[in-house]
Amino acid sequence: MGKVITVIVAIVLIGFILWWFFDKHEQVEVKAKKTGGNEQEVKITVDGGYSPETVVLQKGVPATLVFERKDPSSCLERVVFSDFGINELLPQNEEKKIKFDTSKAGEFGYACGMNMFHGKVVVK
Amino acid sequence: MMSYKKRFIISLVLSLPLLVDMVMMPFGLMLPAYNWIALVTTTLIMALSAYPFWRSAWASFKHHHANMDTLVAIGTAVAYFYSIFAMFTGRPVYFESAAFVTVFVLLGQVIEESMRDNASSSVEKLLDLQAKDADVVLGDKIVKVPLAKLKVGDLIRVKPGQKIAVDGVIVKGNSSIDESMVTGESMPVRKEVGDDVIGSTLNLDGTFTFKASKVGEDTLLAQIVELVKKAQNSHAPIQKLTDKISDYFVPLVMIASILTFVIWYVCLGSTPVQALLYAVAVIVIACPCALGLATPTALMVGTGRSARAGVLIKNGEVLEEVDRLTAVVFDKTGTITEGKPVVTDIVAENEKEVLQLAASLEEASEHPLASAILAKAKAEKVTLLPTADFISYQGKGVCANISNKDVFVGNKHLVKEKALSEKLKESYDKLQEQGKTVVFVGEAEQVIGLIAIQDAPKKTSKEAIELLNKKGLKTVMLTGDAPKVAEAIAKEVGIKEVIAGVLPAEKAKYIEELKEHETVAFVGDGINDAPALTTADVGIAMGSGTDIAIESGGIVLMKNDLLGVVRALELSQKTFARIKLNLFWAFIYNVIGIPIAAGLFVGVGLTLSPAFAGLAMALSSISVVLSSLLLNRVKLSV
């Protein structure tokens with residue numbers, strides 16, 4: 001009896017893992033907010049990933065990305081924009097402002113130092 | 001939140017009683033009330049040292065992500081909560097598994113963290129080489145001005161032993177300068193009025209004043225640091241594979257762990273505890289970190305090391321292209337050769353007289369060959385004679401009266417009607433054969449001597465090209481010069497194939513053609529070679545750091561020397577080889593480690609407890625970072 005239950009539980013768990021991690025889950029895009037003058041700013045919380053994962057910036061408007069890392073994991077302690085040579089340490093529970101060049105339109109991916117977590121900045 | 005180091009030390013100290021018990025066990029001894037001691041210390045370890053893993057794991061779980069923390073969290077949580085359950089139902093406990101996994105994983109993180117910092121900081125240290133201030137000349141006073149306040153146009157005095165603060169041009173004095181920190185050139189360079197100096201290089205023996213031309217972020221050093229930082233954080237295409245894997249890796253490991261439990265318990269009939277230990281070992285040994293670290297750490301160390309050798313590699317993509325190279329195409333003038341013509345031979349009865357007459361005549365001329373003759377005269381300390389009745393024949397040469405004699409210097413068109421001895425004719429043919437430009441020097445109607453002029457190859461060109469030939473690369477010269485001249489130089493330095501008479505604008509077209517059958521690197525000095533540099537699979541710019549070179553080359557050589565090409569190719573190949581090696585080990589580690597942890601080799605007595613699985617996991621990511629750091633020590637042939 002115990003073995004039957006074990007098998008059932010295992011199947012349910014595996015099914016859950018497949019659904020939770022591999023099934024497509026909706027990701028919201030967040031547009032940057034205009035701040036005083038002609039600038040834009042968007043806040044990204046770093047906690048088990050980047051939320052929001054995709055931010056949208058307006059082309060040509062100077063932008064600041066504000067990262068706040070809540071997660072203690074060393075996986076997330078750096079943020080790397082490989083297109084821009086940005087590799088910044090994110091101190092835990094502090095806001096880290098990173099200036100972002102919006103002169104070119106396009107999609108720019110970023111990742112944590114170990115390239116395990118990914119986020120995206122869309123300039124249009 | 002506590003640092004890894006603190007968390008590690010806490011977990012280590014608290015796990016000591018468990019360690020003592022483990023050592024005593026074979027002697028049949030046990031700590032009194034072991035279960036209670038274990039419960040208390042392990043609970044503390046979980047709360048203080050392991051909890052951050054759980055927290056991160058939960059946070060990423062909510063985002064549908066799983067990472068290394070997920071694995072460590074599940075591994076430790078399962079062992080810990082099972083042990084509590086076991087303790088109160090009278091079964092054997094496994095607190096030490098939870099405790100030791102935490103200790104080992106944190107140990108790995110501490111070591112890895114310090115090594116990673118070590119790998120990334122090497123280039124930023126370059127900026128520390130900068131002088132902190134400079135002696136600015138203001139009228140007849142000298143004022144110390146901090147680096148950040150220097151402006152373009154400032155006159156800066158540099159004494160022996162001082163660092164040069166920013167980039168500029170010498171206006172007074174001369175000195176030897178050690179530029180090794182920027183160009184990788186170990187020999188000091190002699191600099192005089194009009195020569196460029198580079199910020200952060202070291203003045204050795206003379207005092208001079210220079211005018212600042214670039215300050216702050218515009219200096220060569222700042223640009224290099226910026227470039228290398230970009231390269232270090234760039235992506236190598238090979239990484240795309242690991243990016244994909246990392247998305248699936250951890251969930252698949254969790255599934256593997258569940259299957260391990262089910263197979264052991266349901267199919268093989270082992271006890272639930274034994275099955276659980278195997279399942280936990282699988283979770284703990286799997287190491288996505290090693291995979292994730294393999295490429296970036298090697299890229300970081302490799303590009304940093306290259307920068308210190310005067311080779312700037314733009315990004316990870318360049319590394320992979322270099323690995324596939326089959327041909328290297330060289331520009332001739334300024335790349336293989338010095339870029340300025342020099343007198344190589346003087347053929348005459350009286351060599352000094354011929355040189356003196358030629359130099360005196362050419363003094364007024366602006367022809368590029370004239371400067372070669374004048375430079376030779378200066379080097380030989382020949383005094384120039386006054387000339388009268390100077391006539392210049394466009395495209396032929398010049399005539400004048402020196403000491404009441406009609407003297408001429410010119411090419412073959414000028415000497416058509418003049419007398420030329422058999423002996424000189426023979427020498428002329430021989431020099432032509434060697435690809436040299438020959439000018440005739442004569443008195444009245446008689447040619448009295450020949451001066452051969454050539455843009456000679458750099459001293460190191462031959463050695464560099466030999467090394468490239470030895471590597472099995474096809475070497476090609478692409479030049480606008482006449483075929484004869486080009487072939488002579490090619491023969492001298494050992495280049496196999498020559499494409500001569502190419503207009504600057506056509507160079508890119510020829511590269512395009514070569515690319516149909518070969519993977520091509522183009523080596524040029526960057527000024528008019530920009531299209532060819534960008535067309536080639538790998539553009540190697542030798543511009544001693546001019547802006548255009550930095551822009552258009554995939555690899556930039558700080559030193560104007562072809563051995564740099566050999567060095568650049570070797571460093572790229574070694575770095576890329578290291579990336580592949582790292583990835584290979586990271587894969588193999590997981591491919592072998594997970595089955596061992598799952599108890600697949602229990603038949604041959606090979607099993608891993610969860611604690612040792614944790615140790616193996618920590619060691620695997622450390623070994624990858626260590627392997628990358630070893631790139632700092634690889635030997636180069638030049």
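Two strands pair if DSSP finds at least two bridges between them. Helices (H or I, at least four residues) and strands (E, at least two) are DSSP runs, numbered from the N terminus. The model is predicted: local features need pLDDT of at least 70, side-chain atom pairs count only at pLDDT 80 or more, and totals for chains, interfaces and linings use all residues. Residues are numbered from 1 along each chain as its sequence is written, chains are lettered from A and ligands numbered from 1 in the order in which they are written, and side-chain values use heavy atoms, leaving out hydrogens and water.

**View 1. Strands S10 and S11 of chain A run antiparallel.** Strand S10 (residues 106–112) and strand S11 (residues 118–123) are joined by 6 bridges. In S11(A), Gly119(A) is the residue opposite Tyr110(A).

**View 2. An open sheet of chain A has 6 strands.** The order is S1-S5-S11-S10-S7-S8, with mixed pairing. Strand S1 (29–31) and strand S8 (86–89) are the edge strands, each pairing on one side only.

**View 3. Glu518(B) sits in a loop of chain B.** The loop lies between helix H17 (507–515) and strand S20 (520–524). Glu518(B) has a relative accessible area of 18% and is therefore buried (under 20%; exposed is over 50%, partly exposed in between; 1.4 Å probe, protein chains only).

**View 4. Glu518(B) touches Thr326(B), among other residues.** Leaving aside residues up to four places away in sequence, Glu518(B) is also in contact (heavy atoms within 4.5 Å) with Ala327(B), Lys474(B) and Asp537(B). The C-alpha atoms of Glu518(B) and Arg324(B) are separated by 9.1 Å, although these residues are 194 residues apart along the chain.
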